[in-house]
Amino acid sequence: MKPLQSMVSTMLLGEVRAHPARNAIAVIAIAIGVAMGYAVHLINDAATGEFSRTVRSLMGNADLEIRGTAAGFSEAVYPLVARLPGVEAASPSVVVEARLPDRVEPLNIIGIDVFRAAIVQPALIGRPEAQAAGALPFLENNAIFLSPSAMDWLGAKPGDPLLVQVGLEVRTLWIKGTLAATGASQRLGVMDIGAAQWLFSRVGTLQRIDLSLRPGTNEVEFRSRLSRLLPVGVDVGTPTETVRRSSDLSRAYRVNLTVLALVALFTGAFLVFSNQALAVIRRRGQFGLLRVLGLKRSELLRFILAEATLQGVLGAALGLGLGYLVASATLAWAGGDLGAGYFKGVVPSIHVDVEAALFFGLLGLACAVLGSLAPAVEAVRAPPARALRAGDEEAAMQGMQTIVPGFVAIALAIALSFLPAAGGLPIAGYLAIALLLTGGISLMPRLARIIFGRLPGTPNIPLHLAATQLTGAPGRAAIGLAGILASFSLMVAMAIMVASFRTSLDQWLDVALPADLYLRAGTPGDSAYFSLNDQRLISLTPGVLRAEYQRSIPLSLDPDRPPVTLIGRSLDAANPGSRIALVGAARRPLANEAPPIWVSEAMVDLYGYSLGSQVLLPLAGKRIAFTVSGIWRDYARQHGTIVIDRQDFTRITGDANANEAALWLLPGSGQAATEKLLRQRLPNGDHVEYYSPGEIRERSLKIFDRSFAVTYLLEAVAIVIGLAGIVVSFGGQALLRSREFGMLRHIGVSRRQVGAMLALEGALLALLGVVAGLILGGAVALILIRVVNPQSFHWTMDLHFPWQLISAVALVLVAASAVTAAWAGRRAMGSEAVRAVREDW
Amino acid sequence: MRISGWAALLVLGWVAAFAALPDYPRVLPGRALSFPRDHGAHPEHRTEWWYVTGWLETNSGEPLGFQVTFFRSKPDIGQGNPSRFAPDQLLFAHAALSDPRIGYLIHEQRSARAGFGLAEAEQRDTDVHIDDWSLKRGTDDHYQISIKGRELQFELTLVPTQPILLQGDAGYSRKGPLASEASYYYSQPHLEVSGTESHDGHSRSVKGRAWIDHEWSSTMLAKEAVGWDWVGINLDDGGALTAFRIRDSAGRALWTHASRRRGDGTKVAIAANAVNLVPIRRWRSPRTGARYPVVMHVAVGDLSFDLVPLQDDQELDARTSTGNVYWEGAVTAVGGSKALGRGYMELTGYFRPLRL
């Protein structure tokens with residue numbers, strides 16, 4: 001058998017050597033899919049890993065963490081908790097997102113009791129720098145310790161001042177040393193708890209208490225005793241729970257990215273399939289010969305699969321390397337949250353993950369092998385004697401004509417798209433999309449035969465030839481067709497989804513930005529705000545017709561979910577739609593019912609709120625009843641938002657400060673002039689952020705585009721892969737059909753006419769692919785918009801078709817197919833074509 | 001003149017700032033101490049401690065040395081801060097035990113800022129606690145000590161057998177060449193101890209004899225001081241002897257002082273130049289390399305004896321916590337071949353000069 005085997009090897013290698021570009025494209029497609037999947041995983045793993053290390057270092061030896069939201073809870077809880085039996089030590093802390101003048105991102109500052117933290121969270125004890133430390137660095141009012149990454153970020157060193165903003169006032173802290181033991185990448189400052197309460201106007205409240213328990217304490221029992229002491233809205237968790245919650249935050253986003261990567265992989269697998277299918281058909285004669293010479297079926301199968309395995313291995317290896325590079329570059333450029341803001345203040349570093357590499361590598365390999373499995377099996381099944389005869393290639397495609405599985409898949413997809421999310425993830429929706437695509441593609445050969453078979457007769461020779469060819473050998477055409485269909489439908493689906501989202505966002509911004517000028521003291525939750533006095537100054541600024549203020553605070557309704565945002569703002573209860581983008585009708589509040597709130601769609605999805613229902617919110621340590629009076633769309637926050645009237649907010653929380661102001665200007669008073677005036681009038685008016693609605697719109701759309709950068713990239717990849725599919729398909733076909741061309745030339749068809757025939761074939765094929773892709777892609781988009789998005793992000797959007805983009809791409813695709821097909825056939829039309837005919841007869 | 005409280009402050013890097021500050025009340029001669037008020041805390045003063053040392057005996061007659069200290073400090077910060085966490089009063093506690101069968105000090109400590117009822121030092125009488133560590137004087141004059149460490153626990157009752165002993169000039173105790181270098185200082189020697197002690201996984205009922213010092217001040221030490229040797233002995237005849245010397249960097253005595261009260265309550269006047277502490281034998285710590293004069297010859301007026309330690313290794317190495325190293329241990333006063341009494345000796349500044 002030795003000579004036979006070496007002959008097989010020679011043939012296999014010869015195939016690769018003869019068509020390096022075609023094989024390379026398949027390898028690259030696999031590589032792109034693997035790279036995307038691996039990169040997304042690496043980036044996310046780096047971010048969550050860093051976050052989890054950070055949580056662990058912050059919690060230190062703590063067994064439990066009592067955690068309130070930014071508004072905090074009364075410090076009266078602290079001695080009660082500290083005295084609970086079972087408590088070894090209780091370490092209270094104040095957590096502040098300190099606004100730094102001229103910096104966009106706030107700095108997390110933790111105020112600790114150094115004596116308590118020494119037992120529970122030793123990592124938070126700084127190392128004083130001898131020269132800078134002074135007398136009592138851990139207790140002084142203006143002393144702060146910074147983590148190494150905060151030092152880097154600020155370009156500061158021990159001994160330097162650190163300016164922080166409280167309200168609009170600027171205060172100076174002095175850096176006394178480094179927090180050596182915290183997760184090296186966390187931007188963090190630590191100061192005395194009493195000093196922090198004083199400096200940041202947090203006297204009387206705490207954000208956290210970390211507990212270490214005595215050995216042998218029954219945690220379940222202890223937690224139930226503890227929970228009785230805690231005010232409503234204050235949660236308890238172990239370090240593991242805290243890490244899990246923070247990782248849950250980004251899960252939907254992460255899964256969506258991974259699915260996109262899988263889509264790329266799927267496209268790659270498809271490309272391998274079309275490449276292999278053609279290669280197998282082309283070499284049908286060779287395989288027949290090998291079988292006649294005594295090669296066993298299983299051996300032939302192994303050899304063909306070995307070819308695909310080689311492609312898969314190359315693609316996977318290339319993809320893993322590429323994925324690592326992409327992940328590193330992305331982290332360096334955009335940070336660990338992929339532009340989505342889930343991991344603020346964490347600067348992760350990448351760690352090679354062998355398990356994930358194996359997973360994605362094997363996935364790529366599996367795609368390659370699976371892609372070539374059907375053609376390989378077909379090749380092996382063919383009776384050797386028949387395979388040796390010319391013209392048998394089309395027979396190989398007969399198996400592709402079955403339509404039952406396709407219809408079953410589509411029916412299943414429709415059924416799946418009605419299922420709810422599983423564990424907060426739109427698993428059924430994704431499955432529906434996968435089924436829809438595979439089902440649609442598998443129906444294509446039959447569809448091609450039906451459609452091309454009905455093409456009317458025409459005197460135009462190339463058109464007639466093209467139509468006859470497509471009708472007579474639909475199987476061959478189907479391969480190129482499926483490539484176009486797969487890539488174009490994916491592209492259409494993503495384009496429709498992104499356009500719908502973007503247009504909806506644009507319309508949403510119209511409602512959300514009714515004023516002429518916006519002022520922001522800082523990011524919501526940080527230490528900057530407009531005091532009542534500042535608000536008075538703003539309202540009375542010449543040129544200002546009206547000013548509306550809003551205060552945002554996080555509110556924890558469920559310890560297992562991220563906090564929702566509570567916004568206190570002036571809102572006309574009779575016409576809330578003038579400020580928020582209502583979905584459906586609002587409800588007029590009645591005099592005798594609980595005060596109204598207007599909730600975002602996420603509140604309906606996640607917490608089961610419904611219009612008119614009465615709900616209890618934990619505010620100021622009490623449960624207070626409200627009536628849900630409207631549901632609105634909030635693209636700014638996906639974890640849930642509740643709008644409450646500002647007067648109710650101030651009355652209940654006692655907090656009259658504001659994060660943001662919206663100004664309506666008198667006619668004739670310019671935005672720039674008013675801004676200039678405000679800068680002068682307000683204390684530290686230059687630290688306030690001023691935005692025109694146009695700037696906010698631009699910025700929001702920019703953030704949107706950045707978040708969808710990966711999607712755009714995938715769209716481009718899909719199109720490139722689609723075109724590559726045509727190159728492979730027609731290039732392969734053209735070589736396969738060299739006998740046919742020779743024949744045509746022989747009977748007097750001109751070279752030009754053969755070229756035109758091929759171009760037309762390509763164009764017709766692409767046209768069918770584009771039309772079918774439009775339908776299939778539209779259906780996928782519908783699932784994305786109506787199922788996947790609401791289930792992942794809890795917001796709805798209106799359907800919008802980017803006709804221009806889609807028709808432009810469709811045109812390009814058809815034209816490119818025509819050109820590609822003609823170009824690919826050129827070689828086959830050379831002088832040796834005639835020889836090819838002669839040889840065969 | 002007790003070190004462990006000072007050591008607690010050293011960790012805060014504070015020792016450099018010992019110049020008199022106008023905000024703190026000065027220590028002046030002629031202020032009559034009044035009880036029980038002066039048993040309580042004096043939160044306006046910069047520093048204050050309640051320092052209990054003594055010898056215990058288990059049921060089987062084995063000797064143990066013990067030390068329990070509560071220390072209060074008012075740092076020069078946090079004043080004016082409305083926060084209940086403002087660090088304007090800090091509390092520290094130390095507990096140590098010498099058991100010759102173990103051979104080294106068992107030591108634990110607590111520290112906290114005062115507040116929230118979790119750590120407080122009352123003013124009306126001795127009543128100071130950090131979490132579940134406490135020292136409290138009852139209306140019956142008895143002291144209750146409760147220490148619940150991980151390795152070391154004490155539940156002790158201390159009953160006075162003698163009147164209060166005012167140190168120095170009616171409680172005004174000079175500590176240096178300057179009149180401002182002084183403290184308010186009184187002692188209660190010959191306290192009868194009973195209760196339980198736990199270490200090494202075993203709980204034992206104990207009896208013994210202890211000594212309490214209560215001292216408060218705002219400025220105390222001369223700038224040149226690098227350390228000191230202090231001794232307090234319950235003499236078997238009912239007498240009580242206190243002696244100390246403050247050393248400079250050359251090992252010379254910057255200041256010496258001794259007080260002696262006889263068993264019958266009469267005080268013996270002792271001139272400053274009649275106090276002599278002479279090292280007889282030194283012990284080198286295998287951990288730190290410091291050499292302590294663990295056997296010391298003491299001559300105070302007509303009294304003359306050697307101090308023999310319960311065990312050589314009574315070094316307190318607190319570099320990982322308070323950052324300080326000193327020797328604080330149970331000693332027996334031996335005159336000729338006869339035991340004259342028992343007490344405690346403190347040796348500081350031998351590992352490294354105190355940065356004063």
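Helix H15 (residues 404–416) of chain A packs against helix H16 (residues 427–453) of chain A at an angle of about 155 degrees, with the axes 8 Å apart. Axes are lines fitted to C-alpha atoms, for helices over the stretch in contact, and angles run from 0 to 180 degrees between N-to-C directions. H15(A) is therefore roughly antiparallel to H16(A), a term used for angles over 145 degrees. The contact (C-beta atoms, placed from the backbone, within 7 Å) involves residues of H15(A) including A:Pro405, A:Ile410 and A:Leu416, and residues of H16(A) including A:Ala428, A:Leu435 and A:Leu443. Twelve of the contact residues are nonpolar, five are polar and none is charged.

The model is predicted; local features need pLDDT of at least 70 and side-chain atom pairs pLDDT 80 or more, whereas totals for chains, interfaces and linings use all residues. Residues are numbered from 1 along each chain as its sequence is written, and chains are lettered from A and ligands numbered from 1 in the order in which they are written.

Chain B contains one helix and 23 strands, assigned as DSSP runs (H or I, at least four residues, for helices; E, at least two, for strands) and numbered from the N terminus. The radius of gyration of chain B, 19 Å, is close to the 21 Å that the globule rule gives for 356 residues, so chain B is as compact as a globular protein of that length. The radius is taken over C-alpha atoms, and the rule is 2.2 Å times the number of residues to the power 0.38. Along the principal axes, the C-alpha atoms of chain B fill a box of roughly 60 × 45 × 45 Å.

How values were computed
Angles under 35 degrees count as roughly parallel, over 145 as roughly antiparallel, 65 to 115 as roughly perpendicular and the rest as oblique. Two residues are in contact if their C-beta atoms, placed from the backbone, lie within 7 Å. Ala, Val, Leu, Ile, Met, Phe, Trp, Tyr, Cys and Pro count as nonpolar, Asp, Glu, Lys and Arg as charged, and the others, Gly among them, as polar.
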